[in-house]
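Biologist: I am new to this structure and would like to learn how to read its features one at a time. Could we begin with the strands and then turn to the helix?

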Amino acid sequence: DVTVLMADVDVPGLHALGDDFSTQTVANLHAIVAAFDAQLESGAAHGVTKVKTVGDMYWAVAGLPSAVQCHASGACRFAAGLQRVGESAIDRDTAAGLKVRAGLHTGPATAAILGTQRLS
């Protein structure tokens, strides 16, 4: 079994009408995602691996590529860390109105690489 985490970063201006957002909005999102990545690198997220980001969605998994006995609790600790990152971003006014929502699912998983082309 594994635990999958999807975190949605609500950066003001990112989903504006027509998707015409500023470079400051992108810079704010980059700062938040970099802080999320730092949580992984600090060792605070035992057994959690980043899968990818898509827009303002941060996708990670605990228990892959190596099995982890307590994958669910590791993913929960990581999600709590993401919440703290969001709270500190609000305090520093780097992304006014920032909200971080995280969802978790635990269970069996199947993974595969599909297709023949990949963005390098």
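Modeller: Let us start with a term: two strands count as paired if DSSP finds at least two bridges between them. This is a predicted model, and in it strand β1 (residues 2-10) and strand β3 (residues 57-62) run antiparallel and are joined by six bridges.

Biologist: Which residue in β3 is the bridge partner of V4?

Modeller: The partner of V4 is V61.

Biologist: What is the order of the strands in the open sheet?

Modeller: In general, strands of a sheet pair through backbone hydrogen bonds, either parallel or antiparallel. Here four strands form an open sheet in the order β2-β3-β1-β4, with antiparallel pairing. The edge strands, each pairing on one side only, are β2 (48-54) and β4 (99-107), and from one strand to the next the twist averages 20 degrees.

Biologist: Which strands does helix α1 touch?

Modeller: Helix α1 (residues 23-41) packs on the sheet and touches β1, β2, β3 and β4, while its direction makes about 165 degrees with that of β2.

Biologist: Which residues of α1 are buried, and where do they fall around its axis?

Modeller: Buried here means under 20% relative accessible area, and in α1 this applies to T25, N28, L29, I32, V33, F36 and L40. Seen down the axis of α1, the buried residues fall within an arc of 135 degrees, so they line one face of the helix. The face turned away from that buried side carries the exposed residues T23, H30 and E41.

Biologist: What follows α1?

Modeller: After α1 comes G43, whose phi is positive, near 85 degrees.

Definitions and conventions. Residues numbered from 1 in each chain as written. Predicted model: local features only at pLDDT ≥ 70, side-chain atom pairs only at ≥ 80, totals over all residues. Heavy atoms only, no water. Helix = DSSP H or I, 4+ residues; strand = E, 2+ residues; numbered from the N terminus. Axes fitted to C-alpha atoms, helices over the stretch in contact; angles between N-to-C directions. Contact = heavy atoms within 4.5 Å. Buried < 20%, exposed > 50% of the residue type's maximum accessible area, 1.4 Å probe, protein only. Arc of directions from axis to C-beta.
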